[in-house]
Amino acid sequence: MAVGATVFIVLLELILKFNALDPVLWKQYLPVFLSGILTTLRFTGIILPLSIAVGFAVGWARISRFRSITWPLSVYVDFFRGVPPIVMVIFAGVLGPSLLPARFRTSDLGINIAAFVLALHSAAYQSEIFRAGFMSVPRGQLEAAQSLAMTRGKAMRFVVLPQALRLSVPPLANEFAVVIKDTSLLAIIGGFELFGSSNIFTQQVLLSAGNQLEWLFVVWTAVALVYFIMTFSVTELLNAIDRRYHVKGLEAVSV
Amino acid sequence: MIRVEDIEKHFGALHVLKGVSLEVQKGEVLVIIGPSGSGKSTLLRCINLLIEPDSGRVFLNGTQVNRRDVRPEWVREQVGMVFQSFNLFTHLNALENVTLGPIRVLGTDPKPAEAAGRELLARVGLADKWNAYPAQLSGGQQQRVAIARALAMNPKAMLFDEPTSALDPEYIREVLDVMAALAEEGMTMIVVTHEMGFASSVAKRILFMDAGRIIEEGSPEEIFQHPKQDRTRAFVGKILR
């Protein structure tokens, strides 16, 4: 955080000669900024775990031997990969509530359905990451575990899963960064997360007399920095996990 | 101890085993030879039920085991297996590979399991490699760890599926020596191998398989020096040359 703030001030004050900490601006913007950050964190906190759970379950189910489960899931994955998330957010947010009985319709129902759909969208991608992880564990590993009298469940838990998850961590870091940044899509249907609330704030600032254009740059730089810090923390966390479970002798070949 | 009666196996249109029967007594070493694709590996996998035979019966100490009411795990606890490609668990070090079965399947406490594991690694000549990961070991070392891993379950019999075929020539000896020592100690073994020296000195009986059938059975001398069947003669001629 401290590093981010320093970069922010140096960038705007020293290079662009902006008054990044202009009290007139921050007096108005700070509450919007903070509640925007909190809302973004809240959506991320819902979407990320949900998408991991669904993505993992779907990825696992798709390697199962039962064709009757695997093909509907492949339709699900193809659908969510093929439709732009912003279109899904609009559909879910606008039409979603009318599909539910009237008594469930609260004011933020549309946004929550849209957040749920964003989770399903990322889950489709994550399921492919997990599936690739599972498929890259050689069949001989399962055979060896079974020949030690392990049940399928134990073989999965102690032999296949640890190896599959290890291979999934680096691509997951990628996907998690996308999930965090994609919460900004909720702004299109009126979600007051960091991007949406800052967007409305800047429009109001521009319209009101006596305010300065350079505030736009200050606001958007601050917004960009927050997204950067959030994605960077999550990817660094995953990198730490990756290093923690590094297996000796399995280093990538350097050419 | 192990008896197989008339087992058949199809993989789709492929008829891999066409009625195979064999019997191995306690403490006996049986070697199976034959060209690739003859069904040797499938036969081994039918014995510990990694593959379920389409028909026929598999017995372990008189109990038919390819039945719905027998858990395959019950068979595999008693019959260890060693693979051509070692299949060591890549995310675990040598000692963890050896102790995983006892700890997670037999419920042995980690302390005694580790002590027993170190002893087994010493027995295969790898006491100092206990904390090496598979990728840090040579093929011969990996295969010896794999043998120790199977032995850690205290099996009554061991199946070896071409244990030296994936090894560089300089590592074959050390693996065969461990296997010969095991046979010496009275382990019941079924070994699929093309190592004629090993077969001659360790096995009492040799089976020659081709195209899903047992073509000929006999002592090493009978099979290698005086084969009766043309197909055996042709095959033995090729591998002895």
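Two strands count as paired when DSSP finds at least two bridges between them. In this predicted model, strand 6 of chain B is joined by four bridges to strand 7 (residues 157-161) of chain B, the two running parallel. Within that pairing, Val82(B) sits opposite Phe160(B) of strand 7.

Zooming out, the open sheet in chain B has six strands in the order 6-7-8-3-9-10, with mixed pairing. Strand 6 (79-82) and strand 10 (213-218) of chain B have just a single partner strand each, so they stand at the edges with one side lacking a neighbour in the sheet. On average, neighbouring strands are turned by 20° against each other, direction ignored. Two helices of chain B pack on this sheet. Helix 1 (residues 40-47) touches strands 3, 6, 7, 8 and 9, and its direction makes about 155° with that of strand 7. Helix 6 (residues 169-184) touches strands 3, 7 and 8, at about 150° to the direction of strand 8.

Turning to the interface, 24 residues of chain B are in contact with 21 residues of chain A. About 2,100 Å² is buried between the two chains, 63% of it from carbon and sulfur atoms. Phe89(B), His91(B) and Arg104(B) supply 27% of what chain B buries here, more than any other three residues.

Seven residue pairs are in polar contact across the interface. Helix 2, strand 6, helix 3 and helix 5 of chain B each put at least two residues into the side touching chain A; helix 3 gives the most, with four. That side of chain B divides into 12 nonpolar, six polar and six charged residues.

Methods:
Residues numbered from 1 in each chain as written. Chains lettered and ligands numbered in written order. Predicted model: local features only at pLDDT ≥ 70, side-chain atom pairs only at ≥ 80, totals over all residues. Heavy atoms only, no water. Axes fitted to C-alpha atoms, helices over the stretch in contact; angles between N-to-C directions. Contact = heavy atoms within 4.5 Å. Buried area = accessible area lost by both parts, 1.4 Å probe. Polar contact = N/O pair within 3.5 Å; in protein donor to acceptor, adjacent residues only side chain to side chain. Nonpolar A, V, L, I, M, F, W, Y, C, P; charged D, E, K, R; others polar.
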